[in-house]
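I am opening my notebook on a structure that is new to me.

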Amino acid sequence: MQAKDSSALSTAHALPSYLNSDHLGPWGIYLQQVDRVTPYLGSLARWVETLKRPKRILIVDVPIEMDDGRIAHFEGYRVQHNLSRGPGKGGVRFHQDVTLSEVMALSAWMSIKNAAVNVPYGGAKGGIRVDPRQLSKAELERLTRRYTSEIGLLIGPTKDIPAPDVNTNGQVMAWMMDTYSMNTGATATGVVTGKPVDLGGSLGRVEATGRGVFTVGVEAAKLTGLNVQGARVAVQGFGNVGGTAGKLFADAGAKVVAVQDHTGTIQNANGLDVTALLEHVGNTGGVGGFAGAEAMDAAAFWGVDCDILIPAALEGQITKENAGQIKAKLVIEGANGPTTPEADDILSEKGVLVLPDVIANAGGVTVSYFEWVQDFSSFFWTEDEINARLVRIMQEAFAGVWAVAQEHKVTLRTATFIVACKRILHAREARGLYP
Ligand SMILES: NC(=O)c1ccc[n+]([C@@H]2O[C@H](COP(=O)([O-])OP(=O)(O)OC[C@H]3O[C@@H](n4cnc5c(N)ncnc54)[C@H](O)[C@@H]3O)[C@@H](O)[C@H]2O)c1
């Protein structure tokens, strides 16, 4: 037998051939985050390459007939980043700018997030490149059903469990559940979470992510001596996450002084009437034109006078261009990946405490986990039980991350990655490589 050429057996190929090293996008940000944490992994660092390549990627063509008879094709994805700790778990995003790199990064952040709050899942994510606002309801249903059939190879209650993300909701989850159930011949409520409550959904799921954002925000405020009562809060994105978080902060006595979404940027230094604003968003689709506030320049939003800033829209919003203007003492990442690594460094140098997405917005997946457990046992809990369990998990996870940050003198993001990567790689090592 010929001796093997050792150079051909190199173990470090961080970039798969389907990525362009000049345009890594969000996946590049995730890789930098893993590199930062590797020195803290001890002997588990031997397995770190596992985290730098998704386990499975499925790219699907989603053809549908439009209402006017045309045939349209959309690009869809499902990425399972890591399944060492359990089945894949992660949302489905419908957005015209979704890319494979973005879905890969979001799937990896789900692996980290699920491990950080210690729910028994791996990380996954899906998406379709589509602006759903351009589709009729019937077109959206056909798109969702065809996409669900196409990714049916990968998903299932014990394999990979999708959930809502940007521009998907309980109705989309109901169509996904029905399509999967029709294809497999049995009603499978546990195949997706974030379903309507009368279809096996969980009480408290809609507000769960915002409630988790609020919970970790309150914990961080206690630890840093910031009084939530009277604190000034600015929120970007006033949808599911930002709207709920804003409401809970306002109910706790904070003042929501500025809000930005895709329809405009508004401010009121005396505090917005959040209940009225939520009603306005429900009626008009956005915060623009709200009577109880002044419109302001979009770019000026980042420099607004506030104590707490909650980015809860899309990724890549806090950049090296605007991070220097931020006046908040506390940034709570409701969105996934809203802060670029350069901006993270600027905020850290300024002494701004950033509660990273991978812990701050984990409330959604935590209640999704409760929903999945309830579906399996067909036994449903009260909203109070759900909220109490959610708050306990978020508080415990946050306290653990805080302790690691103090021990290693690192940011909360690096600390969360340390906790999560160790859990994932420990599972990887204990399971061993097959065959
Ligand atoms: N929904 C969940 O349970 C959940 C869980 C974890 C993380 N997240 C993350 O939170 C973020 C928001 O998700 P959501 O479920 O609230 O979505 P959503 O669709 O309910 O709301 C999105 C909000 O972002 C705003 N927005 C969109 N484009 C914008 C732009 N260019 N500038 C300013 N605002 C813009 C929209 O106007 C809307 O207010 C996403 O990053 C998502 O991945 C959501």
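I began with K89, which counts as buried because 29 C-beta neighbours lie inside 10 Å; the term buried asks for 20 or more other C-beta atoms within 10 Å of the residue's own, exposed for 12 or fewer, and partly exposed covers what is in between, with C-beta atoms placed from the backbone. I note that this is a predicted model, in which local features need pLDDT of at least 70 and side-chain atom pairs count only at pLDDT 80 or more, while totals for chains, interfaces and linings use all residues. Residues are numbered from 1 along each chain as its sequence is written.

I then placed K89 in strand β3, residues 88-95; strands are DSSP runs of E with at least two residues, helices are runs of H or I with at least four, and both are numbered from the N terminus. Leaving aside neighbours within four places in sequence, I found K89 in contact with residues including M110, Y121, I161, V365 and S368, where contact means that the C-beta atoms, placed from the backbone, lie within 7 Å.

I next looked up the record, where an unreviewed UniProt entry gives the annotation "binding site" to K89, K113 and S368. Although these residues are spread over 280 residues of sequence, they cluster in space, with a largest C-alpha distance of 12.8 Å. UniProt positions are given in the numbering used here with shortened feature names, and such annotations may be inferred rather than shown by experiment.

I followed S368 into helix α10, residues 363-377, and S368 counts as buried, with 29 C-beta neighbours inside 10 Å. Not counting residues up to four places away in sequence, S368 touches K89, A163, T193, G194 and R205.

I found T209 and N240 under the annotation "binding site" in the unreviewed UniProt entry as well. They span 32 residues in sequence, yet no two of their C-alpha atoms are more than 8.0 Å apart, so they gather at one spot. T209 is found in helix α5, residues 205-224, and is buried, with 27 other C-beta atoms within 10 Å. N240 is found in helix α6 and is buried with 21 other C-beta atoms within 10 Å. Apart from residues up to four places away in sequence, N240 touches V206, T209 and G210.

What surrounds the ligand? I counted 24 residues around the ligand, the closest being G237, G239, D261, A335 and G364; a residue is near a molecule if its C-beta atom, placed from the backbone, lies within 6 Å of it. The largest share of this shell, three residues, comes from α6, and α6 (240-251) and β7 (255-261) each supply at least two. By class, I read eight nonpolar, 14 polar and two charged residues in the shell.

Last, I traced an open sheet of seven strands, whose order is β9-β8-β7-β6-β10-β11-β12 with mixed pairing. β9 (294-295) and β12 (353-355) stand at the edges, each with a single partner strand, so one side of each is left without a neighbour in the sheet. Strands pair if DSSP finds at least two bridges between them, and β11 (residues 330-332) pairs with β12 in the parallel sense over three bridges. For V331, I noted V354 in β12 as the bridge partner.

Key
Contact = placed C-beta atoms within 7 Å. Nonpolar A, V, L, I, M, F, W, Y, C, P; charged D, E, K, R; others polar.
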